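Please look at the sequence and the structure before reading on.

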Amino acid sequence: MADNENSRTASGTRVGAVMDSLRERIASRSLMPGARVPSIRAMTETLGISKSTVVEAYDRLVAEGVIVARRGSGFFVSGHAPPFALADVGPRLDREVDPLWLTRQSLEAGEKVLKPGCGWMPPSWLPEDGVRRALRAVARDPQSPLAEYGTPCGLPALRQQLAWRLAQHGVDAPPEQIILTDGGTHALDLVCRFLLEPGDTVLIDDPCYFNFQALLRAHRVQIVSVPFTPNGPDIAAFERALVAHRPRLYVTNSAIHNPTGATLAPAVAHRLLKLAGEHDLLIVEDEIFADLEDEAAPRLAAFDGLARVVSIGSFSKTLSAAVRCGYIAARAEWIEPLIDLKLATTFGNGQLAASVVHRMLVDGTYRRHLEATRAKLADAMGETIRRLGYAGLDIWTRPRAGVFVWARLPDSLDAADVARHALAGNVVFAPGNVFSASQSAAGFLRFNVSQCNRPKVYEELQRAMEVASASRKERERV
């Protein structure tokens, strides 16, 4: 009797796996309405399971109306595709702690909620008074564009300033090769629209910024992750992925990696670019936190000369999230088609926001703000690492600059459990697996040091770890 029950349980698990596999392919549009579903024999061989398991899974999906059976022809996706939902694509996590819900928790949180897991600095760390002064100055200037659309590439004066700033990091990008956007996400979305087709393969770091995964899934591409080390991607694994999957694109941070805070090493950068050339790989280098560096990390775009690297950035994290202004720097022949895509999808970008950013760059406000912020972050980094160590967490690597610390929980605790328990105490933590496409970071949390200066953060962390540990022991006893 026990053997039969175990068999039914295992069989049920395998049946569920087949059903989930097909549901995910339908949700991601890999299988469209009317498309033929892999045959029972093909699915049996692909998954290495019995024919009876696949037959049962298909019968259940037919009963649910997900697929239809046609005599003599096989099985097909039924009806119209449901509205595309990112929550239905990719690894299934508890909705309380998946990437997009984590963002919502942080954005919708009231003043009483602490957010050591969010990705931005608190308003008190940003130059709000400087933004107000710049807004007033732009409003008084009769030459300021307050009522008209901007030029397709964006405010010329700001693009000139960005070209000069990129040159300080060795990136040769004249103003004609820079396009302004409404923030970094808009920049990445335009690049993905331009370079990718549904079904293409894209490499990402593991772990990486979780919104890379969400945006790439919205573009219906296949994601392959490569383990990330304190010096950059694991080059041996990177090369294996290039050979096995022939990806079109690699998306990464070189300076102040999100979520680990690591910095790309020169030797890794050179090897990475050599492999990219050998395998015809394009690279998007997101520089959104680069202005927080004390010493500049190697830039792939500088080594490469924008031949196969696209550099994107934004002022959302360093100046103001409300002043939406980002940029794309790319090779010359890509600018015109990128402009066409920008006009087709947004018609332009915020001319007022670009004017405010330009004003703050040229009057010294931004430079002074960065100097003060780097000093505050260095102090906060040291204090956060000290207090996390006291709480028993292991620091993966000590960042040279920036806002993030990547830390492993003690006693093999599950970070999602800890984060879930902390929500009850009005603290939002960022569990590691929301950053990991392979779901291999279950024991990690990402900490934003600028949001960790309240004792309650560590008190709630300790409490949540104790509750998670007790719950695990209770489950093990049962």
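Biologist: In the lining of the second largest pocket, how many residues are charged?
Modeller: This is a predicted model, in which local features need pLDDT of at least 70 and side-chain atom pairs pLDDT 80 or more, while totals for linings use all residues. Residues are numbered from 1 along each chain, and side-chain values use heavy atoms, without hydrogens or water. A pocket is an open set of points on a 1 Å grid over the protein atoms alone, where a 1.4 Å probe fits, with protein on both sides within 12 Å along at least five of seven lines, and lining residues have an atom within 4 Å of a point. Beside 12 nonpolar and six polar residues, this lining has charged residues (Asp, Glu, Lys and Arg) numbering nine.

Biologist: Which element gives the largest share of the lining of the second largest pocket?
Modeller: Among the 27 lining residues, Arg 165, His 169, Asp 291, Tyr 366 and Leu 370 are the closest to the centre of the second largest pocket. Two or more residues come from each of E9, helix H14 (365-390) and helix H6 (156-167), helices being DSSP runs (H or I) of at least four residues and strands (E) of at least two. The largest share, five residues, comes from H6.

Biologist: Which element gives the most to the lining of the largest pocket?
Modeller: The lining of the largest pocket has 26 nonpolar, 16 polar and eight charged residues. With five residues, the element that gives the most to this lining is H4.
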